[in-house]
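I hope they are handy to have beside the viewer.

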Amino acid sequence: MRKDATVVSSLVIAAALILPAVNSWTAEGQPSRKAPPDAAMEAQMPRDVPATRPEQQRGSHDQSDIFHATKAEPSSTAFKNQPDEGKILGFDFYRDPLDAKKPMMTFQEVYQKDAGEKPKVMETQRRLLESRYDLRPRLAPDVKMSRGKPVAVGPTARLAKGTTWESLAAMNPADMRSKNLFPYPPLPHPKQVNGGQVFPQIQIDMFPRLQRFDVDFDLPDAFLPEFPPAIFLQNRPELGDVSRGEVVSINNYYRLFKNLLTPVQLDGLRMLVTPFPQEEFNPTDDRKSPQPSLGVACLDCHVNGHTTAQFHLSPDIRPQERRFRLDTVSLRGLFNQQVHSSKRSLRSVEDFSEFEQRTAYFNGDEIHAAKKGMNIISRVQVSHMAQMQNMFDVPPAPKLDPAGFLYPVKATQSEMAGQQVFFGKGRCGVCHPAPFYLDQMMHDLQLDRFTREPGDGPIKTFTLRGIKESPPYMHDGRCLTLEDTVKFFDLVLGLRLTQQEQDDLVAFLRVL
């Protein structure tokens, strides 16, 4: 009995030691569903160690404010007779936060100011969104994204009292503008002064370094792409989704893709998942992350080569109040696109990648980037990054033939009718021709006809392939669902589509 008890005890101890390892790995030898460690965060966070040595103790000198610039003794008493007594009283480019209300603000002052304003900022944005949209999600029972997330159904826009979609469709743009009735005005950034990239909470939960202390994401998860998104490679189409349910990062990119990509592509992927200093995420005092950060990676925003609807401000416009909100676009199908950036019309992904690296991602400002740590990467590495981006494919569309039109034997009656509307009365095919549903041009919808805001000017056409997996829609995400998007264009283009034609058009869009 004692011997048996000893054996049992030994087995229990062994199990206790082994189970954590078992829980961390699946039977296939792959990591479990637990959130993986964030290597970029771990690399920059010092470990707490016991203060056992004299030199580790922090005395009054260490904790005093004598290191602040205002405490410095002048190198000469003669400065008292010089302008400003020899002091820089205004903005000091490298030392001061670039968005501070006054020069010589410390990070703690910036943090307390922005964190203190955050509840009011987000409450203001919440009230605005609820006044414009019905944010209670309605989910399609039979339409899902590649990995299974249900697609939200609209329209979600709230119409002014006494207004109907039919009455709006019969109204001319000038009347709609004068009465402020257009249901899809521009969607603003919650904090325009700070601007910058804002990530949804589902992504922050996995990568806490993306948390900001000044602003939160504003749209409900139901209206966002799935997370993690699927990954489709145009060089290995037979594999389908190659994400394996993981978010590609510096932690796992090599393990996931060493057998799928060429060495050049793999090196490009390495660059795309390597964090670099960015406007809101960096070590400087004007960062918006609580802790100093290595920055963000290209694929933090273009998650798995797709998007989770992160938003920022257009880099192409100044002054700050004139810039508009801009959603992160998917990299899927980049190999077929000849226009990059919403307004700059860059003609190669190499140019786009190099420019965004040099300007600290989507701010169009080398001056800010230089302070945070500008990265001038070689054109060789840029080309590797482009090679990798060109591997991301759109999701399969089994109902489309090689020319991009529906197989009649596979499509429903509604989808076939929607295709007819798309290329006919709806005029969608003018800017979104098959097979890739993209015309490589920039168009101006002249939205200032309908709203009291200035128009956005020409913006590039985005592909509609895989469109059901990229909500919300339009460059600023103002249309939360495909139904909203169809309503938007019905008004803007004066199409006067019937409700049945709109329903059929949505059915067609869902299978692209």
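This is a predicted model: local features need pLDDT of at least 70, side-chain atom pairs count only at pLDDT 80 or more; totals for chains, interfaces and linings use all residues.

1. A word on burial to begin with: buried means under 20% relative accessible area, exposed over 50%, and partly exposed in between (1.4 Å probe, protein chains only). Residues are numbered from 1 along each chain as its sequence is written, and side-chain values use heavy atoms, with hydrogens and water left out.

2. Now the overall picture. The protein has 16 helices and six strands; helices (H or I, at least four residues) and strands (E, at least two) are DSSP runs, numbered from the N terminus. Its C-alpha atoms fill a box of roughly 90 × 80 × 50 Å along the principal axes. Of the 512 residues, 47% are buried. The exposed surface comes to about 25300 Å², with carbon and sulfur atoms supplying 57% of it; accessible areas come from the Shrake-Rupley method with a 1.4 Å probe, and for residues only the protein chains shown count as cover. Taking contact as heavy atoms within 4.5 Å, residues 24 or more positions apart account for 66% of the contacts with a separation of 6 or more.

3. Back to Leu266, which is found in helix α9. Leaving aside neighbours within four places in sequence, Leu266 is in contact with Tyr253, Tyr254, Phe257, Lys258 and Leu261. Leu266 and Met388 are 122 residues apart in sequence, yet their C-alpha atoms are 7.2 Å apart in space. Along α9, the buried residues are Gln265, Leu266, Gly268, Leu269, Met271 and Leu272, and their cover includes α8, α10 and α13.

4. Which residues touch the most other members of the largest nonpolar core? They are Leu233, Val248, Phe257, Leu269 and Met388, in a core of 40 residues. The elements giving two or more residues to this core are α8 (253-257), α9, α10, α11 and α13. A nonpolar core here is a set of buried Ala, Val, Leu, Ile, Met, Phe, Trp, Tyr and Cys residues joined through side-chain atoms within 4.5 Å. Not counting residues up to four places away in sequence, Val248 touches Ile231, Tyr253, Leu256, Phe257, Leu269, Val273 and Asn304. Apart from this core lies another, of 35 residues, among them Phe182, Tyr184, Ile467 and Val486.

5. On cysteines, the structure holds zero disulfides, a disulfide being a pair of cysteine sulfur atoms within 2.5 Å. The sulfur of Cys298 is 8.0 Å from the closest cysteine sulfur, in Cys301, and is therefore too far away for a bond. Both sites are covered: Cys298 counts as buried at 14% relative accessibility, and Cys301 is buried at 3%.

6. There are 32 salt bridges, each a side-chain nitrogen of Lys or Arg within 4 Å of a carboxyl oxygen of Asp or Glu. In α9, Arg270 pairs with Asp267, the closest N and O atoms being 2.8 Å apart; these two are three residues apart, about one turn of the helix. Arg270 is partly exposed at 28% relative accessibility, as is Asp267 at 21%. Asp476 and Arg478 also form a salt bridge, at 2.9 Å between the closest N and O atoms, and both are buried. Elsewhere, salt bridges that share partners join Lys113, Asp114, Glu117, Lys191 and Lys288 into one network. Within it, Glu117 and Lys113 meet at 3.5 Å, N to O, and lie four residues apart in helix α4 (residues 107-132).

7. Finally, please look at Asp490, in helix α15 (residues 482-492). Asp490 is buried yet has no salt bridge, and the nearest side chain of opposite charge, Lys487, is 6.3 Å away. (Lys and Arg count as positive and Asp and Glu as negative; His and the chain ends are not counted.) Beyond its neighbours within four places in sequence, Asp490 is in contact with Ala169, Leu495, Arg496, Leu497 and Gln502.
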